Each structure stands twice: as structure tokens, then as C-alpha cells.
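Please find below some notes for a colleague who is opening this entry for the first time. They take one topic per numbered point.

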Amino acid sequence: MRGAFARTLTELAEQDPRVFLLTGDLGYMALEPFAERFPERFINVGVAEQNMVGIATGLAEAGYVPFVYSIVTFATLRPYEFIRNGPILHRLPVRIVGVGGGVEYGHNGMSHYGLEDVGVLRVQPGITIIAPADHEQTKTALLSTWNLPGPIYYRLGKDDKTVVPGLEGRFSLGRAEVVKQGGDILLITMGGIATETVAAAAELEKQGVCACVLIVSTLNPPPEDDLAFHLGKFTAAVAVEAHYAVGGLGSLLCEVVAGRNLNCRVIRCAVKDMPDGRTGSQAYMYSTLGLSRQAIVEAASSSLRGVQAVPVNKGALGVR
Amino acid sequence: MNTSSILEAGAAVSAQGALTGASIRRIIIEQSRRAGVGHIGSALSVADIVSALFGQVIKVPSPGHRERDRFILSKGHAALALYAAFHLRGWISQDEIDTFCADGSHLGVHPEHALPGVDFSTGSLGQGLSFGAGAALAARRQRSSRRVFVLLSDAELNEGSVWEAVMFAAHHKLANLIAIIDWNGQQAFGYTRDVIDQSRITERFTSFGWDAHNVDGHNVSKMVGLMRGFNTTDGAPHVLIAHTTFGKGVSFMERQIKWHYSPLSDQDYAQASQEVGKAP
């Protein structure tokens with residue numbers, strides 16, 4: 001997704017002189033096309049994310065549309081108060097771009113996991129939050145949102161190859177996308193883990209369970225009507241997200257279910273505990289955190305049997 | 001008289017009176033008493049700096065004008081001094097300044113950009129210089145002669161983010177960025193020397209690549225002279241270490257930690273208003 005982001009942003013900068021790109025010393029082998037083409041509108045501010053967001057605030061006040069780029073945690077958590085008191089408070093078009101949502105930086109450990117970014121930003125009014133599911137949707141989403149008023153947070157992945165079957169890059173702000181129809185259970189997902197969710201739906205199909213798969217790429221403004229429409233048709237829905245269970249997609253679904261008085265259980269396939277320090281590939285981390293394809297299948301099957309899904313977290317590690 | 005002569009020839013004079021440190025102080029005492037709020041000592045500390053800036057240095061044809069110089073009160077808790085300057089510039093009326101800290105007013109303890117004239121909301125220390133660095137960078141890239149003034153407190157330099165901005169501004173030679181440090185030696189809970197030692201501050205800024213100057217923060221003509229003399233086209237960013245007296249102008253407040261937060265009692269007010277003179 002970051003490759004798609006860099007290429008698309010470079011195209012946008014060709015068309016619009018307001019586009020500016022700041023990085024906190026990250027994006028090596030990704031941002032060069034922009035940096036080389038527009039040296040006047042590219043700055044590596046150094047390892048200083050608070051300052052980066054502050055600078056972007058000043059640039060945006062003067063008419064620029066600055067994108068600030070870093071790894072998810074450094075882009076959102078370190079400068080969180082700057083984001084709040086800068087672009088959010090002033091309603092300025094600063095774009096926070098975080099790469100590596102979830103546990104994509106697997107071997108790098110907890111400091112690099114983006115597990116609460118959506119949660120902490122979703123509580124702030126006035127910031128658009130976009131988490132594309134693949135690189136094709138990254139491009140579409142960026143093209144259709146970059147010039148919106150007010151700040152935006154883009155939660156990107158590193159993967160520029162995998163595509164979510166059935167999505168075909170579709171993106172519509174404030175809408176959810178159905179990538180697979182089904183009537184037995186509803187799987188709802190956000191971000192790069194959408195590919196695992198779709199794969200889990202295929203597994204379920206083999207077991208005779210026909211799952212509907214919904215992709216949520218706009219967390220704010222939430223696709224509330226689309227969610228209510230689909231949640232209203234099922235008695236159980238599984239929220240799949242590489243994010244803590246609190247604050248992210250699953251929480252959003254619970255808000256919609258409660259707010260719309262729907263009769264649908266929400267089972268959360270999310271990170272429920274703090275990772276214990278053992279690192280590994282994203283696939284390994286998914287398996288230990290209860291986010292593997294098999295864990296999604298199990299959560300869906302259990303919910304259909306009327307069984308409360310058991311968190312798989314740490315079970316594989318023999319903890320607790 | 002055209003705009004630039006109003007702004008640059010000398011202290012600006014509006015229907016509300018001359019924009020001087022003394023007139024700002026009178027308003028600070030009047031309004032803080034009326035509203036019953038504190039931060040009086042901090043506002044008095046910067047009264048002369050604000051009068052120098054808004055009376056004679058900053059070019060703002062009107063609030064919101066695209067090519068205005070930008071001003072950021074990074075030490076947002078001194079906002080009352082800023083409102084006083086706005087009032088004396090004729091940007092806010094007597095009725096409006098009388099809403100200071102009233103329910104529903106835009107004139108709170110810290111400045112909100114919803115109030116015309118406030119370029120950036122502040123109140124959380126350590127953010128203003130980054131906003132200013134961005135604003136200065138924007139002016140540079142837009143080939144504008146706009147300048148950006150950021151007024152910080154000395155204790156605010158405790159915030160690490162300030163130094164991120166200091167390094168950035170020096171590296172990018174943001175000559176159009178002018179920081180003024182209200183060097184009054186006090187913070188909420190003590191004297192700055194006892195909390196975090198910031199001695200040799202001039203050398204610190206110089207070693208970071210800034211053009212640093214020490215000045216009496218109550219000597220308006222000296223501050224104005226220095227700021228007017230700055231090369232804001234090329235070279236290093238500028239910093240004025242403005243040596244001030246916390247609570248300046250009210251004898252019982254001067255250098256007293258208590259007056260960071262305390263509001264005025266009737267007796268305090270009687271004495272303070274006598275010392276600063278009656279508000280215009």
C-alpha cells in the first residue's frame with residue numbers, strides 16, 4: 001500500500017502545487033519518487049514526529065495540503081496531542097499517514113505495532129480515518145479523499161502485491177464494501193487483514209457455511225447505515241481487525257448495534273491482550289494473537305453454534 | 001495614514017488608546033479582577049513585549065489577512081495580554097473584552113483561533129514553535145515576505161518538542177522566524193533555576209544555529225529596534241531572550257510564584273489598579 005500511496009501522491013502533486021510531503025526519517029525505498037520529483041515540497045524533518053505535525057499545521061494554515069509520513073505508532077501516538085491541538089482543533093487539511101497497521105512490523109516488536117491507532121483517533125471529532133484493505137483501494141481512497149476539508153488519517157500496510165478478491169479497488173467515503181455475499185454469518189473487517197478474512201470465508205464455505213464479507217475502509221465517518229443494514233440481517237457478526245479489541249472496528253460495530261437496537265451479537269477477532277514480547281512474522285503474530293485464518297473460522301463457527309468465541313490469544317503460547 | 005505607517009511608525013493608537021505596555025497592564029488588572037481569574041503575573045510579564053509586537057513590529061492589515069505576519073502566543077496562559085492588544089488595536093470592542101472568561105466567550109484563559117486575530121490556538125506548552133516553523137516554511141516556499149513571531153515562556157523550554165523545532169528552524173535557515181522568550185525566571189511551581197537549569201541560554205540557542213540576542217523585555221524601543229533590524233530574508237532564525245520581571249508593574253506581584261495562579265482579592269485589586277493606573 002505504501003508504494004501505491006507514494007505513486008499516487010506523486011501524481012497528485014503533479015496536479016496540485018499544495019501537496020507537500022513530510023517524513024519523520026522513514027520511507028526509504030518508498031518515498032523517493034516524490035522526493036526526487038518535488039524537492040521543494042518534500043522535507044525529511046528528522047526523527048521528530050511532534051515537530052513534524054506542528055510544521056504541517058503551520059503549512060496547512062498557509063494553504064498547503066501536507067502529508068506527514070511515519071510508521072503507525074510514531075505517526076499517531078507520539079504526536080497525538082499535536083494532532084489534536086493542531087490539525088483537528090484548527091480543522092486543517094493535514095494528512096497523517098501511518099504505515100504498518102496491526103502487527104505488520106512483526107519482528108520489530110511492540111514498539112512498532114499499530115494496535116490502538118484507530119481507537120485513539122476515532123474518539124476525536126472531525127478527523128477522517130481511512131484504512132484501505134489493499135494497494136488498489138489505497139490508490140482509489142487517496143484519489144477520492146486527499147482534498148477533503150479537515151484532517152485525515154490514512155492507516156496503510158506495507159504490502160503492495162496482495163489484493164482482496166472481489167474488492168477491485170472500490171472505495172466510497174463513509175460506505176462499506178461487500179466483497180462476498182452470504183446468508184449464514186457476517187464477517188466485517190478493516191485493513192490488510194481483509195485478505196485473511198476473505199480466505200477464512202472461503203474455508204467456511206467448504207464447511208457449508210456461507211459468510212457475507214464486508215470491508216470497512218472508512219472508520220470515520222463510520223459507514224453507519226451500511227453497517228446497520230447488514231448487521232440487521234444477521235444474528236451474529238465477527239469483527240476481524242489487527243487492532244486492540246477496544247476502540248477499533250469491533251467497538252464501532254457494537255456502537256451501531258446498540259444505537260440502532262439491532263439483534264446481532266458482535267464477536268471480536270481482535271488483539272485482546274498486550275503481546276507478550278515474543279516476536280515473529282506477521283503470520284506468526286496473527287496465529288498467536290487469535291487473528292489467523294483458522295482463528296477467524298473458529299470464531300465464526302463457534303458463534304453459529306451459539307458458543308462464546310474463546311480468545312485464542314496466548315493459548316498457543318501456553319500463557320494463562 | 002496608511003496601514004504600514006500605523007503599524008510601523010510608532011505605537012499604534014486606536015479609539016481605545018495607545019497600544020503601550022502600561023495600557024495593556026491596566027486592562028490585565030481590570031479584566032482579571034472582573035473575571036476573577038489568575039495567570040496575572042504571566043500576562044504582566046509580557047505586556048511590554050506584546051505592546052512592542054502589536055504596536056510597532058507585526059504587520060497585520062487586518063485579522064485573517066492572507067499576507068499578515070503570523071503571531072503565536074505559545075505561552076497561551078498570557079492570553080489576556082493579547083486580548084488587551086487586540087482591543088487597543090481596535091479588533092475587539094470594549095463589550096467583547098468584557099466577556100473575558102464569561103460563559104460562551106471566545107476570550108478564555110488561553111487563546112482560541114475562533115477569535116479573529118488568533119492565528120493558532122495554544123495552551124499546551126511546547127507546540128507553538130513547531131506551528132511557527134511550519135508557518136515560516138510556508139511563507140518561504142510561497143515567496144512571501146511574511147514573518148512569524150512566536151512568544152514562548154522560559155519554562156516552556158523544558159518541553160523537548162521546542163528543541164525539535166529549534167533544530168528544524170536552524171537547519172532550514174528560517175530567517176523569517178522570530179522567537180521571543182519571556183525570560184522571567186519563574187514557572188508554576190517554582191523558580192526555573194530550581195526546576196530545570198537553563199543557564200547559558202544564549203549559548204544554547206547560538207550553538208543550535210540561531211541568531212540570539214538578550215534584551216530588556218520591558219524596554220520597548222530596544223526590542224523594536226532589534227526586531228526591525230533582523231534580516232528576515234536570509235540566514236538564521238532569530239531569538240530574543242527578553243529579560244522580564246514576572247508580575248511587572250504591580251509591586252506585590254513581582255517575582256512572586258503565588259501570582260502564577262492567584263486571582264485578585266478586593267484589597268489586591270485596589271492596590272494593583274492604583275499602581276498600574278485606571279484602565280482607559
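Which hand has the crossing of α3(A) and α7(B)? The crossing is right-handed, a term used when the near helix is turned clockwise from the far one by less than a right angle, with left-handed for anticlockwise.

1. Basis of the note. This is a predicted model, in which local features need pLDDT of at least 70 and side-chain atom pairs count only at pLDDT 80 or more, while totals for chains, interfaces and linings use all residues. Residues are numbered from 1 along each chain as its sequence is written, and chains are lettered from A and ligands numbered from 1 in the order in which they are written. Helices (H or I, at least four residues) and strands (E, at least two) are DSSP runs, numbered from the N terminus.

2. The contact between the chains. Chain B contributes 21 residues and chain A 20 residues, where contact means that C-beta atoms, placed from the backbone, lie within 7 Å. On the side of chain B that touches chain A, the elements giving two or more residues are α7 (128-141) and α8 (160-171) of chain B, and α7(B) gives the most, with 10 residues. That side of chain B has nine nonpolar, nine polar and three charged residues, where Ala, Val, Leu, Ile, Met, Phe, Trp, Tyr, Cys and Pro count as nonpolar, Asp, Glu, Lys and Arg as charged, and the others, Gly among them, as polar.

3. Helix α3(A) against helix α7(B). The axes of α3 (residues 49-61) of chain A and α7(B) come within 6 Å and cross at roughly 45°; axes are lines fitted to C-alpha atoms, for helices over the stretch in contact, and angles run from 0 to 180 degrees between N-to-C directions. The two helices are therefore oblique to each other, given that angles under 35 degrees count as roughly parallel, over 145 as roughly antiparallel, 65 to 115 as roughly perpendicular and the rest as oblique. Among the residues that meet here are Gly54(A) and Gly58(A) in α3(A) and Gly132(B) and Gly134(B) in α7(B).

4. A helix pair within chain B. Helix α2 (residues 21-35) and helix α12 (residues 266-276) of chain B have axes that come within 9 Å and cross at roughly 165°, and they are therefore roughly antiparallel. The contact involves Ala22(B), Arg25(B), Arg26(B), Ile29(B) and Arg33(B) of α2(B), together with Tyr269(B), Ala272(B), Ser273(B) and Val276(B) of α12(B). By class, this contact has five nonpolar, one polar and three charged residues.

5. The sheet of chain A. Five strands form an open sheet of mixed pairing, in the order β7-β9-β8-β11-β12; strands count as paired if DSSP finds at least two bridges between them. At the edges stand β7 (176-180) and β12 (265-271) of chain A, each with a single partner strand, so one side of each is left without a neighbour in the sheet. Strand β7(A) pairs with β9 (residues 211-216) of chain A in the antiparallel sense over four bridges, and Val178(A) stands opposite Leu214(A) in β9(A).

6. Strand β3 of chain B. From β3 (residues 70-73), Arg70(B) and Ile72(B) point one way and Phe71(B) and Leu73(B) the other, and all are buried, meaning that 20 or more other C-beta atoms lie within 10 Å of a residue's own, against 12 or fewer for exposed and in between for partly exposed. Four bridges join β3(B) to the parallel strand β4 (residues 148-153) of chain B.

Notes
Two residues are in contact if their C-beta atoms, placed from the backbone, lie within 7 Å.
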